[in-house]
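Trainee: Could you show me how to read a pair of packed helices and a contact between chains, step by step?

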Amino acid sequence: MPVMIPMRIFFSKTGVVKYISHLDTMRTLTRALKRSGLPIWHTQGFNPHPYLTFALPIALGYESECESFDVRLVEELSPEEVVDRLGGALAPGFRALRAAAPVMDPADIAWADYEIVLRGLDAAGAGERLCSFLGQKEILVVKKTKKSQREVDISPLLELLDAGECGDGLLLRLRLASGNTVNINPSLFLGAFQRFSGLVPAAVSVKRTAILNGALENFC
Amino acid sequence: MLLEQLEQILDKVQKPARYTGGELNSVVKDAANMDVRFAFCFPDVYEIGMSHLGMKILYGLKNEREDIWCERVFAPAQDMEELMRERDIPLYGLESLDPIRDFDMIGFTLQYELSFTAVLNMLDLAGLPVRAAQRPGLAPIVMAGGPCACNPEPLADFIDLFVLGEGEEVNLEMIDLYKTAKAGGWTKTEYLRRAAQIPGIYVPSLYEVDYKDDGTLREICPLEGAPAKVTKRIVADLDKVYFPDKFVVPHIQIVHDRTMLEVMRGCIRGCRFCQAGFIYRPFREKDHGTLNRDGKALTASTGYEEISLTSLSTSDYSQLAPLLEDMLRWTEEDRVNLSLPSLRIDNFSPQLLEKVAKVRKSGLTFAPEAGTQRMRDVINKNISEEEIMETCRTAFAGGYASVKLYFMLGLPTETDEDVVGIAELAQRVVDLYFSLKDKPKGRGVNVTLSCACFVPKPFTPFEFEPQDTMERFQEKQRLLKASIKSKKISFKYHSSDTSFLEAVLARGDRRLCPVVEGAWRRGSRLDGWDEHFSYRRWQEAMEEHGVDPAFYANRHREYGEVMPWSHLDYGVSRRFLVGENKKAHKSQVTPNCRRQCSGCGAAGLYGDGKRVEPCR
């Protein structure tokens, strides 16, 4: 049996590459791995391909500083070397941040932190509306799945960490329930706030800054 | 600045990564240090344009130069176009996001006739007048090249200059002259007058076309010292010509998402319907060492897991065996797949099949083009039924159970018997499968017939031929469908109205310019896409301008007729084309260029008398 060393690689995806879907991100990273020449385990069979699994991929349109995927190395390499070699081969907009043996199971993921900027709003007024929005006893949103849609109260599933003025708009730092079982996409929150407040920002930018487990430890 | 504007619309469109640039290996330079900014425009969506090898070559070639910055521009899809128009976002280059109306030169590649309205639409989206006469300034010069530039007359009113033939050398000469013009403060007229003196450059405004009463051309007169004949350019030595060692690697999946190597230019076959087979002459090959080296470099710089060996007929490449040997040595270990499109059946040896099979086992695609031997002789497709059957036998024995066969309906002299012959040939392929003892186990055979409508094209021996009418095409499609008796045979065909319009534009003259503009003003954009195509818009535009499409598509032309492209020279002589046409009508075949030189004239393109011997 060849060696098989699991490795979790953390990367960021910022700037215009936020417009690449998850499927295309996988393809882009697969090609970067190929260019890097890293000794990655490939699936066996008729059409071997590199084996990559992702924890909680970011949605199209959002930036992230905390993406990760798992691969298996077939040769022993230091995490630093993995980061260096992959980093040198990545497309612009992607950065390899660090690598390590996986500790947590992606199923442990419970929360994710986001930095959201709503541009073209009066920050003070919008901040007030935000307070009354979050002060509601229930925040009901319609969550659509492939089969059905149901109403969910997201008030226990979100936490405002910080809010403040930022240029011509409002900056929010928000923690949202995330993971396999309950997942609140920022767009769900933003849609609900927009309906409640009637405020339509000129532009919205969203960046994920952390992925956390139930004990609020960084996913690692 | 533009990025902020874009960010407000990109989350509202399909596949936003088409519009952002920033891909690996895209070239970003400092605009302030550039002498010439060039917008390379592909008049179709990103996924199509990014698949085009010619664009990769010319993009790399120009960007090698420190004084030129070449950027890519594609046609936005409908959703993006609507938002761009709504918010006054002008068409921009993907590298800088700067509006291309401020560039020095805008170049279009003309790959098919139905993209002509997309060219106009892109000029309009850029904020430029579509008519050349309404763009009086030196910049931007709007030029075009590519296969459809061999009869560019339906675009003559819109494009300042056309480049005929292969662009590697002439593009740089054109840009250098522009630099001189810019530095010297020339007018556009002065630049175009001088550009017309560069071999391979055709300036349509320097030619006057005179018509006879019957609507045909009387003569084409050059003005202001422009050459009476513009001869296309070729690159004499393909091993010395520029080829990129990097491709821009797209973020989204494109049509041909792989490394492409161009193994040769031209084709030895001389199929009489095939425009590419004539306008890309003379036949020239690259050395297998060059190809292997380029393949390795591109695999390293792109991370692609597939290499495709492209040409008009890759199995005619004389060094195919050593090339495959060289490449399989490292591609297998590197997990890179080799794919070989355009394999002709008559030299598909079991050894070659084994090598291809080692690489990939999907369906096989062959193009017999016609169902009967007589018809195949007329078009000079030198394949016998025995050879077709033998190839299918080899393929089935090698584990293939699905065969796709390409045909054309409406070929000159075609009878109902020839149409029915297509179904009969497919049936014999099905029967062959069931008669074989070593056929793949547990799987049924599937034969797909894909039938295009024949479009007579300039610079082919069939440039004189009338196209079948739409009604006749539909009759033939019905006849063929009714002749298919087996459920193992599936039948796909092209719609006849797009082929009819293609025929009108392919052999059209300058009087079609207002029609192209009229169709565009009526909403014609991405006509190459069935879902966007509307024949009605074209019909209305033709009616408005009193143009009878049958005059262009369905009329027989005399051998002596002045064609709209008679002032353009692609190396192959009119005398040769007439001879081939006569032979077609006598069902006589012409040997391929490797067996015997038939003296088409293309070897004369090497110039300076160096190469007159037959092309090998």
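Mentor: We will take the confidence values, then a helix pair, then the contact between the chains.

Trainee: What pLDDT does chain B average?

Mentor: This is a predicted model, and chain B averages a pLDDT of 93, with 94% of the residues scoring at least 70. For the complex, the predictor gives an ipTM of 0.90 and a pTM of 0.94.

Trainee: At what angle do the axes of helix α13 and helix α14 of chain B cross?

Mentor: The axes of α13 (residues 385-397) and α14 (residues 416-435), both in chain B, come within 10 Å and cross at roughly 40 degrees. Angles under 35 degrees would count as roughly parallel and those of 65 to 115 as roughly perpendicular, so α13(B) and α14(B) are oblique to each other. The crossing of these two helices, α13(B) and α14(B), is right-handed.

Trainee: Which residues of α13(B) and α14(B) meet?

Mentor: From α13(B) come B:M389, B:C392, B:R393 and B:F396, and they meet B:R428, B:V429, B:L432 and B:Y433 of α14(B). By class, this contact of α13(B) with α14(B) has six nonpolar and two charged residues, and no polar ones.

Trainee: How many residues does the contact take from chain A and from chain B?

Mentor: The contact takes 20 residues from chain A and 20 residues from chain B. On the side of chain A that touches chain B, helix α1 (residues 22-36) of chain A gives the most, with seven residues. The residues of that side of chain A divide into 10 nonpolar, five polar and five charged.

Terms used: Residues are numbered from 1 along each chain as its sequence is written. Chains are lettered from A and ligands numbered from 1 in the order in which they are written. This is a predicted model: local features need pLDDT of at least 70, side-chain atom pairs count only at pLDDT 80 or more; totals for chains, interfaces and linings use all residues. Axes are lines fitted to C-alpha atoms, for helices over the stretch in contact, and angles run from 0 to 180 degrees between N-to-C directions. Helices (H or I, at least four residues) and strands (E, at least two) are DSSP runs, numbered from the N terminus. Angles under 35 degrees count as roughly parallel, over 145 as roughly antiparallel, 65 to 115 as roughly perpendicular and the rest as oblique. A crossing is left-handed if the near helix is turned anticlockwise from the far one by less than a right angle, and right-handed if clockwise. Two residues are in contact if their C-beta atoms, placed from the backbone, lie within 7 Å. Ala, Val, Leu, Ile, Met, Phe, Trp, Tyr, Cys and Pro count as nonpolar, Asp, Glu, Lys and Arg as charged, and the others, Gly among them, as polar. pLDDT is the predictor's confidence in each residue, from 0 to 100.
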